[in-house]
Amino acid sequence: MKLVDSHCHLPLLASPERSVAKIVATAMEAGVSHILCVCVQLETFAEVRQTALDHRNVFGSVGVHPNTDDGAREPSIEELLEFGRDPLIVAIGETGLDYFRSEGELSWQRERFRCHIRAARELKKPLIIHTRDAANDVIAILREEKARDVGGIMHCFVEDWETAVAAIDLGFYISISGIVTFKSAGAVREVAKRLPLDRLLIETDAPWLAPVPKRGRQNEPAFVRYTAEFLANLREITVDELAEGTSNNFFRLFGI
């Protein structure tokens with residue numbers, strides 16, 4: 001069984017007791033063959049890139065999270081293009097819209113999102129999309145900016161079936177996190193059960209959202225296997241089938 005963690009934040013997991021190298025090694029021992037380390041602000045991009053450089057099975061992205069609005073550097077298309085040309089950087093994002101955490105007039109968030117899509121199209125690299133309480137606007141902007149040209153991932157998906165279908169129609173994959181194992185996640189489970197296997201990915205979003213039976217602990221890539229086991233049972237297939245399908249989807253999307 002070979003699994004892929006399609007979204008995590010490795011530099012945030014490091015501590016004096018456990019290095020990123022040890023965390024990656026633990027993941028590999030648990031059957032995780034590849035990891036996508038996702039950037040959320042330009043100030044930490046160098047760490048993301050160095051992590052990918054240090055580990056042959058780790059790849060990176062470049063982007064600024066939609067909620068990043070605390071004096072952080074605003075991304076320009078030129079910067080995203082410069083950083084995104086690196087062969088270790090396989091995606092643009094994390095980007096998107098989040099109306100749950102941000103308040104007030106949010107045109108800046110929508111413009112930032114459009115900037116990422118335009119860079120992704122120029123680089124011909126997939127997008128990593130974050131959406132919360134903003135699904136209609138996210139789908140509308142993806143359509144307007146012709147994101148279908150590059151596709152990508154709807155990360156940590158918690159939206160409804162209609163949003164999943166709209167995203168798939170735009171060439172996107174749907175990534176399910178450990179949330180699906182939570183007792184309160186009935187709606188997410190229904191979507192996860194109905195998704196075509198050839199459009200499904202799995203992730204940890206570590207250090208957050210550790211799946212049952214690790215809930216309450218700091219999440220890490222090795223724990224993606226618990227999500228895989230839960231999803232396989234939910235979909236009434238073997239874990240090996242789930243692992244093969246989701247891993248092949250990851251390799252196909254990123255050309256790895």
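Biologist: By class, how many nonpolar, polar and charged residues are in the lining of the largest pocket?

Modeller: Keep in mind this is a predicted model. The lining of the largest pocket has 7 nonpolar, 7 polar and 4 charged residues.

Biologist: And what volume does the largest pocket have?

Modeller: The largest pocket comes out at about 460 Å³. It is lined by 18 residues, and the ones closest to its centre are His65, Arg101, His130, His155 and Asp205.

Biologist: Which strand gives the most to that lining?

Modeller: That's β5, residues 127-132, which puts 3 residues into the lining of the largest pocket.

Biologist: OK, switching to helices. At what angle do α5 and α6 pack?

Modeller: About 10 degrees, with the axes 11 Å apart. Here α5 is residues 135-144 and α6 is residues 161-169. Angles under 35 degrees count as roughly parallel, so α5 is roughly parallel to α6.

Biologist: Is the crossing of α5 and α6 left-handed or right-handed?

Modeller: Left-handed, as α5 passes α6.

Biologist: Which residues make the contact there?

Modeller: From α5 you have Ala135, Ile139 and Arg143, and from α6 there are Thr163, Ala166 and Ala167. By class, that contact of α5 with α6 splits into 4 nonpolar, 1 polar and 1 charged.

Biologist: What about α7 and α8, how do their axes cross?

Modeller: At roughly 70 degrees, and the axes come within 9 Å. Helix α7 covers residues 186-194 and helix α8 covers 224-235.

Biologist: Why are those two called roughly perpendicular?

Modeller: Because 65 to 115 degrees counts as roughly perpendicular, and α7 and α8 cross at roughly 70 degrees, they are roughly perpendicular to each other.

Biologist: Who's touching whom in that contact of α7 and α8?

Modeller: Arg189, Ala192 and Lys193 of α7 meet Phe230, Leu231, Leu234 and Arg235 of α8. The contact of α7 with α8 has 4 nonpolar, no polar and 3 charged residues.

Biologist: Now the backbone. Where are the cis peptide bonds you flagged?

Modeller: One joins Ala206 and Pro207, with omega about 20 degrees. Another runs from Val212 to Pro213, with omega near 15 degrees. Pro207 is in the loop between β8 (200-202) and α8, and Pro213 lies in the loop between β8 and α8 too.

Biologist: And what's the phi of Lys146?

Modeller: Positive, about 60 degrees, although Lys146 is not a glycine. Most residues other than glycine have a negative phi. Lys146 lies in the loop between α5 and β6 (152-154).

Technical notes
Residues are numbered from 1 along each chain as its sequence is written. This is a predicted model: local features need pLDDT of at least 70, side-chain atom pairs count only at pLDDT 80 or more; totals for chains, interfaces and linings use all residues. Side-chain values use heavy atoms; hydrogens and water are left out. On a 1 Å grid over the protein atoms alone, a cavity is a set of points where a 1.4 Å probe fits but cannot get out, and a pocket is an open set with protein on both sides within 12 Å along at least five of seven lines; lining residues have an atom within 4 Å of a point. Grid points are joined across faces, edges and corners, and a volume is the space filled by probe spheres set on the points. Helices (H or I, at least four residues) and strands (E, at least two) are DSSP runs, numbered from the N terminus. Ala, Val, Leu, Ile, Met, Phe, Trp, Tyr, Cys and Pro count as nonpolar, Asp, Glu, Lys and Arg as charged, and the others, Gly among them, as polar. Axes are lines fitted to C-alpha atoms, for helices over the stretch in contact, and angles run from 0 to 180 degrees between N-to-C directions. Angles under 35 degrees count as roughly parallel, over 145 as roughly antiparallel, 65 to 115 as roughly perpendicular and the rest as oblique. A crossing is left-handed if the near helix is turned anticlockwise from the far one by less than a right angle, and right-handed if clockwise. Contact means heavy atoms within 4.5 Å.
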